[in-house]
Number of protein chains: 2
Amino acid sequence: MTPVEGFAPLPDPPYYAVIFTSLRSGEDEGYAAMAEEMDRLAAEQPGYIGVEFVRNQGGQSITVSYWRTQEALQNWKAVAAHTLAQQLGKDRWYRHYTLRVARVERAYSGPEGR
Amino acid sequence: MTPVEGFAPLPDPPYYAVIFTSLRSGEDEGYAAMAEEMDRLAAEQPGYIGVEFVRNQGGQSITVSYWRTQEALQNWKAVAAHTLAQQLGKDRWYRHYTLRVARVERAYSGPEGR
């Protein structure tokens with residue numbers, strides 16, 4: 001099944017979700033280019049499933065990336081360019097963030113048959 | 001620790017996340033009142049931790065609600081008023097959605113010490 005635009009694919013569980021909730025600092029320098037580069041690089045990683053991202057006008061956003069295994073997301077965390085992006089995020093772009101790693105156990109989509 | 005506005009609390013894992021990604025249909029009748037009522041009702045349920053919600057101008061949103069146990073989220077799914085809201089969501093408000101239930105295994109917040 002082709003995923004709907006803006007939605008990540010729905011493979012059979014289990015797999016992993018990284019839920020990143022953030023509030024931007026208002027400092028934008030370098031952010032857009034880095035975010036685009038990270039999206040491109042993440043999509044190249046082994047075990048990458050997809051990503052969902054929504055931001056509102058207040059600078060709050062939720063990003064959920066999906067990975068086939070824990071190992072895949074650990075490897076992504078360790079990619080050098082991504083490590084730099086994380087550091088810049090801490091230093092510059094985010095006022096606050098939370099990151100949660102979760103194992104997806106059930107999943108479905110809708111509406112169907114309405 | 002008091003949670004930051006817009007962020008759910010960060011209890012020690014494990015606990016559960018319900019990741020609901022949706023695209024609205026453009027049909028708004030009754031949606032806002034129901035959403036508010038569901039927020040209020042969810043917060044009263046045993047085992048509720050908190051919720052994070054971001055919507056953009058295109059009608060795409062990600063809602064992540066957090067629950068202490070699987071039982072707590074199953075109970076919430078079965079609450080009668082919530083069942084009605086789910087049905088109206090299917091029939092009326094959503095063009096597409098995905099729902100994933102995931103067990104949170106690690107979590108942290110930042111930036112700290114910058």
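This note walks through the sheet, the helices, the core and the chain-to-chain contact of the structure above.

1. **Basis of the model.** The model is a predicted one, in which local features need pLDDT of at least 70 and side-chain atom pairs count only at pLDDT 80 or more, while totals for chains, interfaces and linings use all residues. Residues are numbered from 1 along each chain as its sequence is written, and chains are lettered from A, with ligands numbered from 1, in the order in which they are written.

2. **The sheet.** Eight strands make up an open sheet with antiparallel pairing, and their order is β2(A)-β3(A)-β1(A)-β4(A)-β4(B)-β1(B)-β3(B)-β2(B). Strands (E, at least two residues) and helices (H or I, at least four) are DSSP runs numbered from the N terminus, and two strands are said to pair if DSSP finds at least two bridges between them. The edges are held by β2 (48–55) of chain A and β2 (48–55) of chain B, each of which has a single partner strand, so one side of each is left without a neighbour in the sheet. From one strand to the next the twist averages 25 degrees.

3. **Pairings in chain B.** Here β1(B) pairs with β4(B) in the antiparallel sense over ten bridges, and it pairs with β3(B), also antiparallel, over eight bridges. S22(B) shows both sides of this arrangement, having Y97(B) as its bridge partner in β4(B) and standing opposite S61(B) in β3(B). S65(B) of β3(B) likewise faces V18(B) and V51(B). Seven bridges join the antiparallel strands β2(B) and β3(B), whose hairpin has four residues between the strands, with G59(B) in the turn at a positive phi of about 85 degrees.

4. **Burial and the core.** Seven of the eight residues of β3(B) are buried, which leaves this strand mostly covered; a residue is buried if 20 or more other C-beta atoms, placed from the backbone, lie within 10 Å of its own, exposed if 12 or fewer, and partly exposed in between. The largest nonpolar core has 34 residues, and those with the most contacts inside it are Y16(A), A17(A), A102(A), Y16(B), A17(B) and A102(B). A nonpolar core is a set of buried Ala, Val, Leu, Ile, Met, Phe, Trp, Tyr and Cys residues joined through C-beta atoms within 7 Å.

5. **Surroundings of Y16(A).** Once neighbours within four places in sequence are set aside, Y16(A) is in contact with Y66(A), W67(A), T69(A), Q70(A), L73(A), V101(A), R103(A) and V104(A), where contact requires C-beta atoms, placed from the backbone, to lie within 7 Å.

6. **Helices.** α2(A) lies across β1, β2, β3 and β4 of chain A and runs at about 35 degrees to β1(A). In chain B, the axes of α1 (residues 31–44) and α3 (residues 80–93) come within 11 Å and cross at roughly 150 degrees, which makes α1(B) roughly antiparallel to α3(B). Axes are lines fitted to C-alpha atoms, for helices over the stretch in contact, with angles from 0 to 180 degrees between N-to-C directions, and angles over 145 degrees count as roughly antiparallel. Among the residues making the contact are M34(B) and M38(B) of α1(B), together with A85(B) and L88(B) of α3(B).

7. **Between the chains.** The contact takes 36 residues from chain A and 36 residues from chain B. On the side of chain A that touches chain B, the largest share, 16 residues, comes from β4(A). H96(B), placed in strand β4 of chain B, is partly exposed, with 18 other C-beta atoms within 10 Å. Beyond its neighbours within four places in sequence, H96(B) is in contact with V4(A), F7(A), S109(A) and L23(B).

Note on methods
Two residues are in contact if their C-beta atoms, placed from the backbone, lie within 7 Å. Angles under 35 degrees count as roughly parallel, over 145 as roughly antiparallel, 65 to 115 as roughly perpendicular and the rest as oblique.
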